[in-house]
Amino acid sequence: MKWLNLFNANFRKEYIEMKRYLPNTIALVVTFYIIFLGAFFGIMFIGDPASFETNVQYSIVSVVFWSLTMMTMNFIGYSVITEATRGTLEQLYMSPMGVWKIMLTRIVSQLGLQSVIMILLLFGAMLTSGQWLSLNPMTTIPIIIVTMISMVGVSFMIAGLAIIVKQIQAFLQIFQFVLMGLVFVPITVAPFLAFAPFVKGVNMVRTVMLENLTLTELPLSDYGVLILNSLVYLILGLVVFDRCEKIAMKKGLLGQY
């Protein structure tokens with residue numbers, strides 16, 4: 001019941017903020033849509049006509065997942081910065097639930113809201129390009145959920161850094177280009193990227209959408225790598241966050257900005 005109440009409170013908070021600052025939410029969607037248009041017209045004018053459809057479909061999936069990974073991984077870090085700026089970070093530490101639980105329910109709430117935005121972006125991109133992907137929700141949704149676990153883990157690492165150094169906006173701006181590279185580069189080109197967070201899941205979803213596959217048509221080894229990768233990064237993220245919390249408390253950094 002405590003977890004349910006905590007989730008409900010944070011979901012309402014995230015929804016109210018997105019609604020209250022609606023122009024910012026709309027600008028976010030429009031920005032990612034413009035990025036897709038840039039990729040689409042680039043492929044149209046300088047791409048290989050023989051592989052035009054495949055390249056456009058690849059770009060649609062990649063842009064949508066880049067948007068999702070960037071917002072997810074940066075979310076808790078930005079949340080910590082915002083709380084510190086408002087002077088409410090210490091108040092979170094007065095909660096009996098613990099900050100990591102608050103942040104976990106907050107990011108799950110945000111993921112639910114972001115998923116709606118990403119679906120709108122996906123359909124907008126497909127409508128614009130005239131290339132319709134095989135969404136196959138019974139296959140893609142389970143893979144996406146497992147993939148998001150590793151994203152949450154990395155988000156906790158970034159949040160731990162934010163608790164100590166406070167100002168990490170420049171790092172997050174650079175990080176978004178790193179994420180773009182991880183999303184757009186296929187594992188077949190760089191197999192070692194399977195050890196990076198979320199990359200394996202993105203490649204699996206992209207394969208499902210482009211080739212219209214089902215869960216049983218993907219190799220079992222892919223599921224093993226995906227699940228192990230997600231669990232490792234989630235555990236590592238929580239450990240790093242906990243360690244950074246203790247360092248911040250020891251040095252008295254929580255109340256400073």
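The following legends describe close-up views of a predicted model.

**View 1. The aromatic pair of Trp3 and Trp100.**
The structure contains five aromatic pairs. In the pair shown here, the ring centres of Trp3 and Trp100 lie 6.1 Å apart and the planes meet at 65°; because an angle over 60 degrees counts as edge-to-face, the pair is assigned to that class.

**View 2. The aromatic pair of Phe32 and Trp66.**
Phe32 and Trp66 also form an edge-to-face pair, with 5.7 Å from centre to centre and 90° between the planes. Distant parts of the chain are again linked, with Phe32 in helix 2 (residues 22-46) and Trp66 in helix 3 (residues 52-86), 34 residues apart. Phe32 has a relative accessibility of 3% and counts as buried. Trp66, with a relative accessible area of 4%, is likewise buried; the cut-off for this class is under 20%.

**View 3. A nonpolar patch on the surface.**
The patch is formed by Phe7, Phe11, Tyr15, Ile16 and Val108, which together have about 400 Å² of accessible area. Helix 1 supplies the largest share of the patch, namely four residues. Ile16 is located in helix 1. The relative accessible area of Ile16 is 38%, and this residue is therefore classed as partly exposed, a class that lies between the buried limit of 20% and the exposed limit of 50%.

**View 4. Helix 8 and the residue that follows.**
Helix 8 comprises 13 residues (residues 199-211). At 1.5 Å a residue, helix 8 should span 18 Å, and this agrees with the 18 Å between its end C-alpha atoms. The expected value rests on 1.5 Å times one less than the number of residues. Ten of the 13 residues of helix 8 are buried, and the helix is therefore largely enclosed by the rest of the structure. The buried residues are Val199, Lys200, Gly201, Val202, Asn203, Met204, Val205, Arg206, Val208 and Met209. Asn212 follows helix 8 and has a positive phi, near 55°.

Key:
Residues are numbered from 1 along each chain as its sequence is written. This is a predicted model: local features need pLDDT of at least 70, side-chain atom pairs count only at pLDDT 80 or more; totals for chains, interfaces and linings use all residues. Side-chain values use heavy atoms; hydrogens and water are left out. Rings of Phe, Tyr and Trp (its six-membered ring) pair if their centres lie within 6.5 Å; planes under 30 degrees apart count as stacked, over 60 as edge-to-face and the rest as tilted. Helices (H or I, at least four residues) and strands (E, at least two) are DSSP runs, numbered from the N terminus. Buried means under 20% relative accessible area, exposed over 50%, partly exposed in between (1.4 Å probe, protein chains only). Patches are made of residues with over 30% relative accessible area and no salt bridge: like charges are joined within 9 Å, nonpolar side chains (Val, Leu, Ile, Met, Phe, Trp, Tyr) within 5 Å. Accessible areas come from the Shrake-Rupley method with a 1.4 Å probe; for residues, only the protein chains shown count as cover. A salt bridge is a side-chain nitrogen of Lys or Arg within 4 Å of a carboxyl oxygen of Asp or Glu.
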